[in-house]
Amino acid sequence: MTVNRPPLPPFTEQTAAQKARMAEDAWNTRDPAKVALAYTMDSRWRNRAEFLQGREAIEAFLTRKWRRELDYRLIKEVWAFRENRIAVRFAYEWRDDAGHWFRSYGNENWEFDEHGLMRRRIASINDAPIKDSDRKFHWPLGRRPDDHPSLSDLDL
């Protein structure tokens, strides 16, 4: 039995923004099992040059990701939407275990099924080393505060 994950397609400007914020909030938990529940059982991903299929593979990928990308903080912003698809741009900051900071920029194309689960995610991402003094994402780990500037506000 599939459970609905509102908002459901077709998306409006408001529901696309809500879906993006829900995804951002989930990813900022850094909880692979929780995040994986937003995807269909057979969801297909391209993340950089890695190709994945299924929740189990997604959860394993996210586990590896957040072991490497420490102090991860993410902001997503809707770029475009239509029917059951949403395109977002994002930036996240993280550090490696040696203490070097990075800002990763990218775009994602999402396709949802009728239950609001993501069945396809295509992500293109670039990493840029940054100095600690250049960081812009300073909220406590977890959900980004509502009053924190958006990517557009930060000119990213």
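Student: Why does Asn 47 count as buried?

Tutor: Buried means under 20% relative accessible area, exposed over 50%, and partly exposed in between, with a 1.4 Å probe and protein chains only. Asn 47 has 6% relative accessibility, so it counts as buried. This is a predicted model, in which local features need pLDDT of at least 70 and side-chain atom pairs count only at pLDDT 80 or more, while totals for chains, interfaces and linings use all residues. Residues are numbered from 1 along each chain as its sequence is written, and side-chain values use heavy atoms, with hydrogens and water left out.

Student: Where does Asn 47 lie, and which residues is Asn 47 in contact with?

Tutor: Strands (E, at least two residues) and helices (H or I, at least four) are DSSP runs, numbered from the N terminus. Asn 47 belongs to strand β1. Contact means heavy atoms within 4.5 Å. Leaving aside neighbours within four places in sequence, Asn 47 is in contact with Phe 61, Arg 121, Ala 123 and Ile 125.

Student: How many cavities of 30 Å³ or more does the structure hold?

Tutor: On a 1 Å grid over the protein atoms alone, a cavity is a set of points where a 1.4 Å probe fits but cannot get out; lining residues have an atom within 4 Å of a point. Grid points are joined across faces, edges and corners, and the volume is the space filled by probe spheres set on the points. The structure holds 1 cavity of 30 Å³ or more. The volume of the largest cavity is about 60 Å³. Its lining includes Trp 27, Asn 47, Phe 61, Arg 121 and Ile 125. The largest share of that lining, 3 residues, comes from β3.

Student: Which residues have the most contacts inside the largest nonpolar core?

Tutor: A nonpolar core is a set of buried Ala, Val, Leu, Ile, Met, Phe, Trp, Tyr and Cys residues joined through side-chain atoms within 4.5 Å. The largest one has 28 residues, and Trp 27, Trp 45, Leu 62 and Trp 110 have the most contacts inside it. Apart from this core lies another, of 6 residues, among them Phe 137 and Trp 139.

Student: What span should α1 have?

Tutor: The expected span of a helix is 1.5 Å times one less than its number of residues. With 17 residues, α1 should span 24 Å, and its end C-alpha atoms are 25 Å apart, which agrees. The buried residues of α1 include Lys 19, Ala 23 and Trp 27. Just after α1, Arg 30 takes a positive phi of about 60 degrees.

Definitions and conventions:
On a 1 Å grid over the protein atoms alone, a cavity is a set of points where a 1.4 Å probe fits but cannot get out, and a pocket is an open set with protein on both sides within 12 Å along at least five of seven lines; lining residues have an atom within 4 Å of a point.
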